[in-house]
Amino acid sequence: FVVFSFLAARMMLNLFRVAADGLHLLSVFVLLFKIHHHKSCEGISLKTQILYCIVFTCRYLNLFWDLSSLYLTVYKIVFLSTSYLTVYLMAFKYQGTYRADHDKMHNLWLIVPCAVLALIFNLRFTAWEILWAFSLYLEAVAILPQLMMLIEDEDIENLTSDYIFCLGGYRGLYVLNWVWRFITEPNYRQWRQCIVWVPGIIQTALFGDFFYHFIRCKLAGKKMTLPGSS
């Protein structure tokens, strides 16, 4: 966190952006701590984690040719490596603890529509821009298998709910970052930014119900539950 904050300060990023990236990083470490501490990935959707691997792989391909920012380079390496590490732990090392019977959503239901959208709505019809747009659309819905899995689970671990709260909070802070930039940076007020704004707002909205029940349960001192949990 200290390294990220220092690099962010060097880039003169606004507070919302720094907080969002920090919370995103925290969500990753909460997830890895939960898996390592309990030697279990119960309650975590492998399908969501695979979707995040696809998202980061498509979005950070420019890591191999764009090294203009040390902050972004470190950021990309961290999220690529931790995403693949998480999938490895779930699919191999702790495979026996993964509840595949509760992870019911098919990833192709999300991947195919997002791919079609990326072919239609992109900044330029080039391979890189299409992959980048695809990563934005897919990230917006990548949490759905995880949210569906929570509904299937009768008992949601605190660390699991904390991980998802941090993940949703990161996206919410990014929305505030966009609002701040829209107000303070005239060059940011362009229609082309809609390709970023719309998926981000949809992604944040998907966490809305979870946020409500998470806060309600925390204030009541109870474990996290969702309506419809088995």
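The second largest pocket of this predicted model has a lining whose residues divide into 15 nonpolar, 1 polar and 1 charged. About 320 Å³ of space lies in this second largest pocket, and of the 17 residues that line it, Phe121, Tyr137, Ile195, Val198 and Pro199 lie nearest its centre. Helix H5 (108–120), H6 and H9 are the elements that give two or more residues to the lining of the second largest pocket, and among the contributors H9 gives the most, with 5 residues.

The largest pocket holds about 1000 Å³ of space. Its lining is made up of 38 residues, and those that lie nearest its centre are Arg17, Trp132, Tyr174, Arg181 and Val196. Two or more residues of this lining come from each of H2, H3, H4, H6, H8 and helix H9 (194–206). Sorted by class, the residues that line the largest pocket divide into 18 nonpolar, 10 polar and 10 charged.

Which residues line the largest cavity? They are His24, Ser27, Val28, Leu31, Gln49, Tyr52, Phe56, Thr82, Ser83, Thr86, Tyr163 and Leu167. At least two residues of this lining are supplied by each of helix H2 (15–38), helix H3 (46–59), helix H4 (70–93) and helix H8 (158–184), while H2 gives the most, with 4 residues. The lining of the largest cavity has 6 nonpolar and 6 polar residues, but no charged ones.

**How the helices pack**

Two packed helices are described by the angle between their axes and the distance between the axes.

| Helix pair | Angle between axes | Distance between axes | Handedness of crossing |
|---|---|---|---|
| H2 and H4 | about 25° | 11 Å | left-handed |
| H3 and H6 | roughly 150° | within 8 Å | left-handed |
| H5 and H6 | about 140° | 8 Å | right-handed |

On the H2 side the contact is made by Arg17, Asp21, His24, Leu25, Val28, Leu31, Leu32 and Ile35, and on the H4 side by Tyr71, Leu72, Tyr75, Val78, Phe79, Thr82, Leu85, Thr86, Leu89 and Met90. This contact of H2 with H4 has 13 nonpolar, 3 polar and 2 charged residues. Some of these names return elsewhere: His24, Val28, Leu31, Thr82 and Thr86 are among the residues that line the largest cavity, and Arg17 is one of the residues that lie nearest the centre of the largest pocket.

For the pair H3 and H6, the axes cross at roughly 150°, and the two helices are therefore roughly antiparallel to each other, because angles over 145 degrees count as roughly antiparallel. Here Leu51, Tyr52, Ile54, Val55, Cys58 and Arg59 in H3 meet Trp128, Leu131, Trp132, Phe134, Ser135, Leu136, Leu138 and Glu139 in H6. The residues of this contact divide into 11 nonpolar, 1 polar and 2 charged. Tyr52 is also one of the residues lining the largest cavity, and Trp132 is among the residues that lie nearest the centre of the largest pocket.

H5 and H6 pack at an angle of about 140°, and that makes H5 oblique to H6. In this contact Leu110, Ile111, Cys114, Ala115, Leu117, Ala118 and Leu119 in H5 meet Ile130, Ala133, Phe134, Tyr137, Leu138 and Val141 in H6, and the residues divide into 13 nonpolar, no polar and no charged. Phe134 and Leu138 of H6, listed here in the contact with H5, are also listed in the contact of H6 with H3, whereas Tyr137 is one of the residues that lie nearest the centre of the second largest pocket.

Note on methods. Residues numbered from 1 in each chain as written. Predicted model: local features only at pLDDT ≥ 70, side-chain atom pairs only at ≥ 80, totals over all residues. Heavy atoms only, no water. 1 Å grid on protein atoms, 1.4 Å probe; cavity = no way out; pocket = protein on both sides within 12 Å on 5 of 7 lines; lining within 4 Å. Nonpolar A, V, L, I, M, F, W, Y, C, P; charged D, E, K, R; others polar. Axes fitted to C-alpha atoms, helices over the stretch in contact; angles between N-to-C directions. Parallel < 35°, antiparallel > 145°, perpendicular 65-115°, else oblique. Left-handed = near helix turned anticlockwise from the far one by under 90°. Contact = heavy atoms within 4.5 Å. Points joined across faces, edges and corners; volume = space filled by probe spheres on them.
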